[in-house]
Amino acid sequence: ILMAEQVKKNLKIDVKVVLGPHPAAFAHQFELWFSEDGEKGAQKAIENYNDSIEVAIDFCHEGKAVAIGEVGRPHWKTSEEVLNLSNKLLEETMELSRKENIPLQLHMEENGSQTYLDLERMADRVGLDPTKLVRHFAPADVSTSMVGKITPSVNLGKDGINTLIETCNLSHHGFMLETDYMDDPRRPGAVLGPKTVPKRTQKLASIAEEKGIDEELFFTMHQDLPNMIYGE
């Protein structure tokens, strides 16, 4: 939030903040604290997650953030207990999302359409509109048959352009593009740099007409859809 305020003040650029407990934080805390203190440690990890969600909701209501995330479940091999608890906490967070009318940004494993199907079933169980679930680092296939009603935020490397072109007109309500850039001096340029989204957009625009892609697509993914989910 402080970083966003500095950007707004110094660069006069509006910034929308998304914040919340990353699934790795819960998983690592659970494993560490459980090994140190058994069930007490496990409960402490759960309480820490819930407290983090509560604080994130408060910041959203104060207008300092627009969504909660990344939340989700581990995308690496872990114990069944951690995975089951992560799923339980995610579904509870979805229920809070519905009650508080706050969108969620999700960090999930890569398991094709099954991942999206799992998310949509969770959303249905708690009565949440699945379009308010933004899947971060989504693959380039944005067809409805793949993503259902979830909102994919695509990390578009060069190798994904053809897939996106083939499926963009088959999406349910659109998609967004992202970089997942980390400003880490030890890893310059990781994951995709800030210039990637405009570069990929220009690339898509250059072949849009010959592929029959409506130019409205670009307004949808960069303006209309973000405004619909996160607010103008």
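Predicted model: local features only at pLDDT ≥ 70, side-chain atom pairs only at ≥ 80, totals over all residues.

Mentor: Residues are numbered from 1 along each chain as its sequence is written, and side-chain values use heavy atoms, with hydrogens and water left out.

Trainee: How many salt bridges does a search of the whole structure find?

Mentor: A salt bridge here is a side-chain nitrogen of Lys or Arg within 4 Å of a carboxyl oxygen of Asp or Glu. Searching the whole structure on that basis gives 8.

Trainee: Which residue meets Asp118 in a salt bridge?

Mentor: The two side chains come to 3.1 Å, N to O, and the partner of Asp118 is Arg73. Asp118 lies in helix H4 (residues 112-126) and Arg73 in the loop between strand E2 (67-72) and H3, so the pair ties together parts 45 residues apart in sequence; helices (H or I, at least four residues) and strands (E, at least two) are DSSP runs, numbered from the N terminus. So the name you want is Arg73.

Trainee: Is Ser97 buried or exposed?

Mentor: Buried means under 20% relative accessible area, exposed over 50%, partly exposed in between (1.4 Å probe, protein chains only). Ser97 is found in helix H3. Its relative accessibility is 3%, so Ser97 counts as buried.
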